[in-house]
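Please look over the sequence and structure shown below.

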Amino acid sequence: MTPPCRCLLGEFPEGKALAELIADYVASLPEKLRASSEEADRRLAICRECGELSDGTCRLCGCYVEARAAKAGMRCPAVPGKW
């Protein structure tokens with residue numbers, strides 16, 4: 001059994017189809033509900049360094065980090081103020 005990776009969904013073979021669904025979901029959000037692409041990228045960079053990231057999922061809250069990072073007004077569940 002392969003251990004979970006600290007990666008985003010699109011970075012491992014089993015996650016590619018789900019990554020596409022998440023991307024479609026993010027694209028369907030009204031613009032006022034989406035974080036800027038720069039902000040989402042900044043958040044994901046922080047998530048990549050977090051020990052709670054496991055196969056594209058936050059182990060603290062169970063979200064897919066790519067969806068959470070893309071939504072305006074969302075916060076990191078690990079550390080208040082982290083993002």
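Which residues are linked in a network of salt bridges? Glu39, Arg42 and Arg43 make up that network. A salt bridge here is a side-chain nitrogen of Lys or Arg within 4 Å of a carboxyl oxygen of Asp or Glu. This is a predicted model, in which local features need pLDDT of at least 70 and side-chain atom pairs count only at pLDDT 80 or more, while totals for chains, interfaces and linings use all residues. Residues are numbered from 1 along each chain as its sequence is written, and side-chain values use heavy atoms, with hydrogens and water left out.

**Salt bridges**

- The count of salt bridges is four.
- One of them joins Arg48 to Glu11, with the closest N and O atoms 2.6 Å apart. This pair links distant parts of the chain, since Arg48 is in helix H2 (residues 37–48) and Glu11 is in the segment before helix H1 (16–28), 37 residues apart. Helices (H or I, at least four residues) and strands (E, at least two) are DSSP runs, numbered from the N terminus.
- Arg48 is partly exposed, with a relative accessible area of 35%, and Glu11 is partly exposed as well, at 40%. Buried means under 20% relative accessible area, exposed means over 50%, and partly exposed is in between (1.4 Å probe, protein chains only).
- Glu39 and Arg42 form a salt bridge through their side chains, at 2.9 Å from N to O. Glu39 and Arg42 are three residues apart in helix H2, so about one helical turn separates them.
- Glu39 is partly exposed, with a relative accessible area of 24%, and Arg42 is partly exposed, with 38%.
- Arg59 pairs with Glu52 in a salt bridge, where the closest N and O atoms are 3.6 Å apart. Arg59 counts as exposed at 52% relative accessibility, whereas Glu52 counts as partly exposed at 27%.

**Cysteines**

- The model has zero disulfides, a disulfide being a pair of cysteine sulfur atoms within 2.5 Å.
- For Cys47, the closest cysteine sulfur is in Cys76 and lies 6.2 Å away, which is too far for a bond. Cys47 counts as buried, at 9% relative accessibility.
- For Cys76, the closest cysteine sulfur is in Cys50, at 6.0 Å, again too far for a bond. Cys76 is buried, with a relative accessible area of 12%.

**Nonpolar cores**

- In soluble globular proteins, nonpolar side chains tend to be buried together.
- A nonpolar core is a set of buried Ala, Val, Leu, Ile, Met, Phe, Trp, Tyr and Cys residues joined through side-chain atoms within 4.5 Å.
- The largest nonpolar core has ten residues, including Leu8, Leu44, Cys47, Cys76 and Trp83. Helix H2 and helix H3 (65–70) each supply at least two residues of this core.
- A second, separate core has eight residues, among them Phe12, Ala19, Val26 and Ala70.
- With neighbours within four places in sequence left aside, Leu8 is in contact (heavy atoms within 4.5 Å) with Leu44, Arg48, Leu53, Gly56, Val65 and Glu66.

**The loop at Asp55**

- Asp55 lies in the loop between strand S1 (53–54) and strand S2 (57–58).
- Asp55 is partly exposed, with a relative accessible area of 29%.
- The C-alpha atoms of Asp55 and Ala27 are separated by 22 Å, and the two residues are 28 residues apart along the chain.
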